[in-house]
Amino acid sequence: MLKYYFYMFILYNDYGKKLKEVLNGLFPGLIKEPVRVRVPVRVPGPRQEQRRR
């Protein structure tokens, strides 16, 4: 839980962003930036909807 609070502090606080820059300067790659990942979503076709009813 403490790790979560620290991560939120780094993401949403100005001092946290500065702290992240300092830590990444000392230890490159220690705190990584979150990366958005696209997840494919299948939309059911009209035939599949009729089968469910």
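A residue counts as buried under 20% relative accessible area, as exposed over 50%, and as partly exposed in between. Keep these cut-offs at hand for the tour of this predicted model.

**Stop 1: Y4 and Y5**

Select Y4. Its relative accessible area is 46%, so Y4 is partly exposed. The structure holds one aromatic pair. The rings of Y4 and Y5 form this pair: their centres are 5.9 Å apart and their planes stand at 55°, which means that the pair is tilted.

**Stop 2: I10**

Next, select I10, which sits in helix α1. Is I10 buried or exposed? With a relative accessible area of 3%, I10 is buried. Show what surrounds I10. Apart from neighbours within four places in sequence, I10 is in contact with G16, K17, K20 and I31. Pick I31 from that list and look at the separation from I10: the two are 21 residues apart in sequence, while their C-alpha atoms are 9.3 Å apart in space.

**Stop 3: K20**

Move on to K20, a residue of helix α2, which covers residues 14-26. The relative accessibility of K20 is 14%, and because the cut-off for buried is under 20%, K20 counts as buried. Which residues does K20 touch, leaving aside its neighbours within four places in sequence? They are I10, I31 and E33.

**Stop 4: the two helices**

Colour helix α1, residues 2-12, and helix α2 separately. Two packed helices are described by the angle between their axes and the distance between the axes. Here α1 and α2 pack at an angle of about 100°, and their axes are 5 Å apart. That angle makes α1 roughly perpendicular to α2. To see the contact itself, select F6, F9, I10, L11 and Y12 on α1, then D14, Y15, G16, K17, L19, K20 and L23 on α2. Sorted by class, the contact of α1 with α2 has eight nonpolar residues, three charged ones and one polar one.

**Stop 5: confidence**

Finally, colour the chain by pLDDT. The chain averages 83, and 89% of the residues score at least 70. Where in the chain is confidence lowest, and where is it highest? The lowest is in helix α3, residues 46-52, with a mean of 62, and the highest is in α2, at 90. Where pLDDT is low, the predicted coordinates should not be read in detail.

Conventions:
Residues are numbered from 1 along each chain as its sequence is written. This is a predicted model: local features need pLDDT of at least 70, side-chain atom pairs count only at pLDDT 80 or more; totals for chains, interfaces and linings use all residues. Side-chain values use heavy atoms; hydrogens and water are left out. Helices (H or I, at least four residues) and strands (E, at least two) are DSSP runs, numbered from the N terminus. Buried means under 20% relative accessible area, exposed over 50%, partly exposed in between (1.4 Å probe, protein chains only). Contact means heavy atoms within 4.5 Å. Axes are lines fitted to C-alpha atoms, for helices over the stretch in contact, and angles run from 0 to 180 degrees between N-to-C directions. Angles under 35 degrees count as roughly parallel, over 145 as roughly antiparallel, 65 to 115 as roughly perpendicular and the rest as oblique. Ala, Val, Leu, Ile, Met, Phe, Trp, Tyr, Cys and Pro count as nonpolar, Asp, Glu, Lys and Arg as charged, and the others, Gly among them, as polar. pLDDT is the predictor's confidence in each residue, from 0 to 100. Rings of Phe, Tyr and Trp (its six-membered ring) pair if their centres lie within 6.5 Å; planes under 30 degrees apart count as stacked, over 60 as edge-to-face and the rest as tilted.
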